[in-house]
Amino acid sequence: MTGEDVICWILKLRDRRISAIDKHFLIAVWGCYGASTVTDKVKDLAQKIQLNDRYVSSSREAWIALGVVELCPMPGAESKRGRRQKSFRINIERLAALVEGDKAFSLNQNLIRGLFCQTERLGRIRVKREEGSDALTVNSLLLLGVLVMSADKTGYVSSYGEKALREMAGLKESQFGYALNQLVEIGLLRNWLPGISGTDLFGRRSGVYWLDLGHSLFGENRVHCIYVFDRLAWRPFDWICNFYGLFGARSLRRLGEEELAKIERREGLPAGWSEYFRDRPWFKTAGHLACLLAQHACLVLERRVVDEDGLGDGEGESLSEDLGRELGTEHWFEHMAEDKRALLPTVLEYLVDHGVKKWADAAMSLYKEALKGADLECFLCESTKFRIYSSYQLINAETGRLWTLAIFPGSEKQLEESIFLFRDFQGGKKRWERLNKETEIKDASLVHMGLRKGFGGGLSD
């Protein structure tokens, strides 16, 4: 058991009686004392862990009620008059029992350590945010810790719903939204997609979050990568997502069966295809479909780094099966006729051939040209990871949807800083540009690249 394990156990504990401040208190005490008995007075302890003394008292009592904090008798305390000092210790066995069955190892243990075990770097974490300050509050720090703990090595979080994240961070619903927005403002959270609950192509699907693990807040443990962005490579998947514009808004557009059949014939789709694109709200579902296709395209890229020709017919079939496992629920066929249900294999095959594979082909061609031109091909190896960022909230059939490919080196040779490679059309020629600092990129451009949460607007120059 490591200190990071204990911090993760504290974060994973889901109990409505425990707030973010309570969790921050216990993590800070563990960082200073471990399993040893704490004999400091409340004011001295508050100063040591940089937390107001009234929060120290209330948080200690909250953990005592759960049995995670145990009061310890002090020698000679019976002979002293006045208010007795409460010494205590953390009962690790009790804490472990409360999170039994949810002790999965976090891939980002070093980042967890940096967040919670280096208070001298972070300074005092305030309970309330000061106006004009971009410093983390207790609520945003705890939510960040939960997201980092739940993320993969690229900062991608997709396995927990909003309720689970709120409970692990010890936040109320209103606090969650505020903390989430603060992480976006600071730049620690690049983007997110709210969860959806559908009955057709998708069932219930958790929200998706993209952290920036290369942010300076993570110090020497931060994760650098190579971002590749091409203004000319816009549309490998827009056509599929536009099916929701055609069919998903059918109730708003009052489309009848004849009109739907006419659209299917016009687009060259099998009869009944529209039944699979009825989830509402359709624009959110279209974003999740694009996200899912991007996720599988990244898996294809990782396989191709090892074996560029490794995707034959058999592999394509497994891609359809993998995609199918993430679509629909046990209720999604209830309203469909038998002949419409039989279309599922063709729907999956279409999504793989015209979505996943086309996107992977476009991304592979893009990063090969970009890395070769920047002399960065040495960072590609078997353990290289890929992540696609996109302005998922922007659906515009006229301009398409922009996206950025991130390459996370898997070699022993690590990047000293993140690198941004851009391709644009200037002077009648395609031209690559390299930037080494994100601050050199306009905020509006970061939004359209999918590297910053934003709403609406056109692409900046």
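1. A residue is called buried when its relative accessible area is under 20%, exposed when that area is over 50%, and partly exposed in between, with a 1.4 Å probe and protein chains only. Ser320 is buried because its relative accessible area is 15%. The model discussed here is predicted, so local features need pLDDT of at least 70 and side-chain atom pairs count only at pLDDT 80 or more, whereas totals for chains, interfaces and linings use all residues. Residues are numbered from 1 along each chain as its sequence is written, and side-chain values use heavy atoms, with hydrogens and water left out.

2. Ser320 belongs to helix α15 (residues 313-325). Helices (H or I, at least four residues) and strands (E, at least two) are DSSP runs, numbered from the N terminus. When residues up to four places away in sequence are not counted, Ser320 touches Leu348, Glu349 and Val352; contact means heavy atoms within 4.5 Å. Ser320 and Val352 are separated by 32 residues in sequence, yet their C-alpha atoms are 6.3 Å apart in space.

3. Strand β10 (residues 403-408) deserves attention. Of its 6 residues, 6 are buried, so the strand is largely enclosed by the rest of the structure. Trp403, Leu405 and Ile407 point one way from β10, while Thr404, Ala406 and Phe408 point the other way, and all are buried. In a regular strand the side chains alternate between the two faces of the sheet.

4. Phe229 has Thr404 of β10 as its bridge partner, and Ile388 has Leu405 of β10.

5. Met449 lies in the segment after α18 (443-448), and Met449 is buried, with a relative accessible area of 2%. Its contacts, leaving aside neighbours within four places in sequence, are Phe229, Tyr389, Ser390, Trp403, Thr404, Phe422 and Ile441. Met449 and Asp230 are 219 residues apart in sequence, but 9.3 Å apart in space from C-alpha to C-alpha.

6. An open sheet of 3 strands has the order β3-β7-β4, and its pairing is antiparallel. Its edge strands are β3 (156-157) and β4 (189-193), each of which pairs on one side only. Strand β3 is joined to β7 (residues 208-211) by 2 bridges, and these two strands run antiparallel. Tyr156 has Trp210 in β7 as its bridge partner.

7. Helix α2 (residues 20-33) packs against helix α3 (residues 42-49) at an angle of about 90 degrees, with the axes 10 Å apart. Axes are lines fitted to C-alpha atoms, for helices over the stretch in contact, and angles run from 0 to 180 degrees between N-to-C directions. Helix α2 is therefore roughly perpendicular to α3; angles under 35 degrees count as roughly parallel, over 145 as roughly antiparallel, 65 to 115 as roughly perpendicular and the rest as oblique. The contact involves Phe25, Ala28, Val29, Cys32 and Tyr33 of α2, together with Leu45, Lys48 and Ile49 of α3. By class, these residues comprise 7 nonpolar, no polar and 1 charged; Ala, Val, Leu, Ile, Met, Phe, Trp, Tyr, Cys and Pro count as nonpolar, Asp, Glu, Lys and Arg as charged, and the others, Gly among them, as polar.

8. Helix α6 (residues 109-116) has 6 of its 8 residues buried, so the helix is largely enclosed by the rest of the structure. The buried residues in α6 are Gln109, Leu111, Ile112, Gly114, Leu115 and Phe116. Helix α1 (residues 3-12) and α6 pack at an angle of about 80 degrees, with their axes 10 Å apart. That angle makes α1 roughly perpendicular to α6. The contact is formed by Glu4, Asp5, Ile7, Cys8 and Leu11 of α1 and by Gln109, Ile112, Arg113 and Phe116 of α6.

9. The side chains of Ser140 and Gln182 are joined by a polar contact of 2.8 Å. A polar contact is a pair of N or O atoms within 3.5 Å; within protein, one must be able to donate a hydrogen and the other to accept it, and residues adjacent in sequence count only if both atoms are side-chain atoms.

Definitions and conventions. Pairing = 2+ DSSP bridges.
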